[in-house]
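Dear colleague,

I am handing over the structure below, and after it I set out what was found. Please read the notes with the model open beside them.

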Amino acid sequence: MDIEIGSWINHRQQLGEHAVPVFEPATGAVYARLHEADAAIIEHAITGAEAAFPGWSGLRTSERAHWLNQLADALESELETFAQAETRDTGKPITLTRSIEIPRAISNLRFFASAATQFASECHFGEAGLNYTLRAPLGVVGTISPWNLPLYLLTWKIAPALAAGNCVVAKPSEVTPLTAHLLGRLAADIGFPEGVLQIIQGTGAEAGSRLVGDPRIKAVSFTGSTAVGRQIAVRCAEHLKKSSLELGGKNAVLVFADAPREGLFDTLIRSSFQNAGQICLCGSRILVERSFHDEFVAEFVRRAQALRPGDPQDETTRLGAVVSAAHHQKILAALDLARSEGATILCGGAAATMTREFEGGWFIEPTVITGLGPACQTNQAEIFGPVVTIQAFDTETEALALANATRYGLAAQVWTSHLQRAHRLAGELAAGIVWVNTWMMRDLRTPFGGMRESGLGREGGLDALRFFTEPKNVCLAP
Ligand code: NAD
């Protein structure tokens, strides 16, 4: 064990008295110690951010954009270090962190640097005087992010908050603290304005909860489970502070017999198993029109079986480990439950057998399940692992009913060549994001988020900048 991970407050690392081990999912070995931010460290983080706020919010937008771009440039120059670190901390393949996740973290910073300089507020004229809207930053805000896309989601929150002129206290997941730790050090190294970005490390129950409950934190942007999101919404309501909640999902994939075949299986294998299914946008319930069902299942299972879990640092690996022992157990328990519900497991269904070096790691075989109806737990509860179910449907109406038959509403995919059907379903699916004949194609300007129990509020583009600002209407007599 060689790494001590603490909080980065005013550009200095602070180690708390209580530390917990951090594990490498591929081997199960402890490789770092995470020092929990205690009350004194969090106090220091918030007072430091409050002290930095007048200076940061007083900068011109282009000056703040310049700092975000500086941070993005520094991150880009350290891309390989961050990719290696993220892979070690999460167990996901190096090809993912190197080519998608760290580059996306860089894009998040650059995108909001640029978006802030293009952010215009409204003007209303011709009805009752001349009205214009001022949008001021909120002050010190908190961000709380999960373990599945650690740096990608942390930057997705801090970038709009900072660009809009807020100071941020960011709490990454205690399960995957490494890249946030490196980002804190990087910000210090480049002389990013002190106190503007504070990174506190620790568990949700301690550090996260203290952050949410502090009245000086003006808003909380949270991504994580629905259960925790609900608690955070209640606590924010007590203080009448804003919250933005990106929560769990159980996303449906509707495959019609006229689905374009080009890219279909490649995309659906990715949307099922990328990052071992630990992406909130993964499609976990595949619904296939009956006339195409058997052919689809045969080809899909053939491809899933070809996906062998392996060393995340190996460039040929497409399926890595899942993030923790606890999550590994949770997925295996969900598979036992599926069996008890009468599932037919067409492939996978168990922990993967690995070579000696990775025997202690947390790997799961890609799993495809049939034979279960929409009401069973396997089709209702989020599993968040390399596990998909397949159900058949006969009509568009039935497909829609199956797709909407959960309490979640994050994302959906529709695969069809029928233009009107695609539009019709896009309108009727209970989901915040609908992809037609594609998956994970992301334009950062679009509203991002879920409905029902998948979330409240939207991130991305102007929605994020609006969330992190307070509008004020000014009315001038004509
Ligand atoms: P989680 O809810 O357990 O934890 C998320 C974060 O909240 C962590 O930083 C954790 O320390 C913190 N936290 C936990 N309890 C807290 C509390 N009481 N007060 C304050 N903070 C607290 O979620 P997870 O297991 O890290 O992430 C997986 C979940 O995230 C899945 O449900 C997944 O669907 C969801 N997710 C959603 C999106 C989205 O955009 N909708 C994106 C990624 C992940």
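This is a predicted model: local features need pLDDT of at least 70, side-chain atom pairs count only at pLDDT 80 or more; totals for chains, interfaces and linings use all residues.

Residues are numbered from 1 along each chain as its sequence is written, and side-chain values use heavy atoms, with hydrogens and water left out.

Strand β4 and strand β5 (residues 29-35) run antiparallel and are joined by six bridges, where two strands count as paired if DSSP finds at least two bridges between them. They belong to an open sheet of three strands, in the order β1-β5-β4 and with mixed pairing. Because β1 (3-5) and β4 (19-24) stand at the edges with a single partner strand each, one side of each is left without a neighbour in the sheet. From one strand to the next the twist averages 35 degrees, with axes taken as lines fitted to C-alpha atoms, for helices over the stretch in contact, and angles running from 0 to 180 degrees between N-to-C directions. Helix α3 (residues 79-90) packs on this sheet and touches β1, β4 and β5 (contact meaning heavy atoms within 4.5 Å), and its direction makes about 100 degrees with that of β4.

Turning to helix α11, the buried residues are His327, His328, Ile331, Leu332, Ala334, Leu335 and Ala338, buried meaning under 20% relative accessible area, exposed over 50%, and partly exposed in between (1.4 Å probe, protein chains only). Seen down the axis of α11, these buried residues fall within an arc of 150 degrees, so they line one face of the helix; the arc is that of the directions from the helix axis to the C-beta atoms. They pack against β16 (367-370) and β17 (387-393), whereas Ala326, Gln329 and Ser340 are exposed on the other side of α11. Just after α11, glycine 342 takes a positive phi of about 100 degrees.

Finally, Phe265, Phe273, Phe292, Phe296 and Phe300 form one aromatic cluster, in which rings of Phe, Tyr and Trp (its six-membered ring) pair if their centres lie within 6.5 Å, with planes under 30 degrees apart counted as stacked, over 60 as edge-to-face and the rest as tilted.

How values were computed:
Helices (H or I, at least four residues) and strands (E, at least two) are DSSP runs, numbered from the N terminus.
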